[in-house]
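Please take a moment to look at the model shown here, and then follow its strands and aromatic rings step by step in the paragraphs below.

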Amino acid sequence: MITLTNDAVNQVQKVISQQAQAFSGVRVAVVGGGCSGFQYAMNLERQGREGDDVLEIDGFKIFVDPQSMLYLDGTEIDYIETTQAAGFQFKNPNVTGSCGCGESFHV
């Protein structure tokens, strides 16, 4: 199961509402890349795909493919704003290490 903090929920709702096209939610995935092997991806999504885990949260959906769910189970997604940057932060209990910049991880 994936959870979102109130700040993450508010940010997703804000982004979806600002789009000219209709989106039903976001796809959260783990993709290959980065210096540690895996990276997180979040993209707006109109509808799910066959086999997706679908979570409904405050009027939108989170779509996760089965392979990504293996790596994301138990993850909390937060939205952080600092003076230097803003973005989604993944608190994933499955991660055993990450690169120095924090943009990629391994399990």
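Is Phe-38 buried, partly exposed or exposed? In this predicted model, Phe-38 has a relative accessible area of 23%, and because buried means under 20% and exposed means over 50%, Phe-38 counts as partly exposed.

Another pair, made by Tyr-40 and Phe-90, is stacked, with 4.0 Å from centre to centre and 0 degrees between the planes. Here too distant parts of the chain are linked, for Tyr-40 lies in strand S3 and Phe-90 in strand S7, 50 residues apart. Tyr-40 is partly exposed, with a relative accessible area of 24%, whereas Phe-90, at 17%, is buried.

Strand S7 (residues 86-91), where Phe-90 is found, pairs with strand S6 in the antiparallel sense over six bridges, and Glu-76 has Lys-91 in S7 as its bridge partner. Four residues stand between S6 and S7, and the two strands form a hairpin. Strand S6 (residues 76-81) is also joined by two bridges to strand S1 (residues 3-4), and these two strands run parallel, with Leu-4 standing opposite Ile-77 in S6.

Conventions
Residues numbered from 1 in each chain as written. Predicted model: local features only at pLDDT ≥ 70, side-chain atom pairs only at ≥ 80, totals over all residues. Heavy atoms only, no water. Pairing = 2+ DSSP bridges. Buried < 20%, exposed > 50% of the residue type's maximum accessible area, 1.4 Å probe, protein only. Phe/Tyr/Trp six-rings, centres within 6.5 Å; stacked < 30°, edge-to-face > 60°.
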